[in-house]
Amino acid sequence: MLYLTAAVVILTGLTLLNLLLMLGVIRRLRDHSERFTQLTKSVMPEVAVLAAGSPVPEFAATTRDGDTVSGTTLEPETLLGFFSPSCKPCKAMLPKFADYARSVPGGRERVLAIVVQDADPAEYLALLEPVARVIVEEPGGTVAAAFDVSGFPAVCLIGPDGTVAASGMHLQDLPRAKALAGRG
């Protein structure tokens, strides 16, 4: 009987020790989760382009077709997309953006794609040029700087009043994108 009592006491002690250690691990995991969330927010911007309601900034750039585009010449309901060939999410969004661009009233004239030349943009140009006017610029170029692009991909839609009507890092941040996603 003495051995049985000693075994129960030892097992109870080990169980309590295990419980305390487990609580410590759970507490540590919560702390790491909070730190990871804070780090992610500081590295990944929530808004990678001018927020809705911002006025269209002034800029001047030349498309690959040789046309000059500026902040004052952008028509209402113009769709803008900012892409980087070295960005994996950009590559995933590219075909969806091209489909969305085909649905923009006014066609190619109301779609402007800005490709940052940080890698070979040939694949992007082949997909974008049939559906958009394309500007290729160096990192930190005039259009990306004017629209305060801090991450890729970024999209925005110019509203009828000359301000940014909608913007974000996903096509779902734009009007009609959800309806188009339901079709495809």
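User: What makes the pairing of glutamate 75 and arginine 110 a salt bridge?

Analyst: This is a predicted model, in which local features need pLDDT of at least 70 and side-chain atom pairs count only at pLDDT 80 or more, while totals for chains, interfaces and linings use all residues. Residues are numbered from 1 along each chain as its sequence is written, and side-chain values use heavy atoms, with hydrogens and water left out. A salt bridge requires a side-chain nitrogen of Lys or Arg within 4 Å of a carboxyl oxygen of Asp or Glu; the side chains of glutamate 75 and arginine 110 meet at 2.8 Å, N to O, so the term applies.

User: Why is glutamate 75 called partly exposed?

Analyst: Buried means under 20% relative accessible area, exposed over 50%, and partly exposed in between (1.4 Å probe, protein chains only). Glutamate 75 has 39% relative accessibility and therefore counts as partly exposed, and arginine 110, at 22%, is also partly exposed.

User: Why is arginine 102 called exposed?

Analyst: Its relative accessibility is 52%, so arginine 102 counts as exposed. Arginine 102 also forms a salt bridge with aspartate 99, the closest N and O atoms being 2.8 Å apart.

User: Is serine 54 buried or exposed, and why?

Analyst: Serine 54 has a relative accessible area of 17%, and is therefore buried. Its contacts (heavy atoms within 4.5 Å) include Thr163 and Val164, when residues up to four places away in sequence are not counted.
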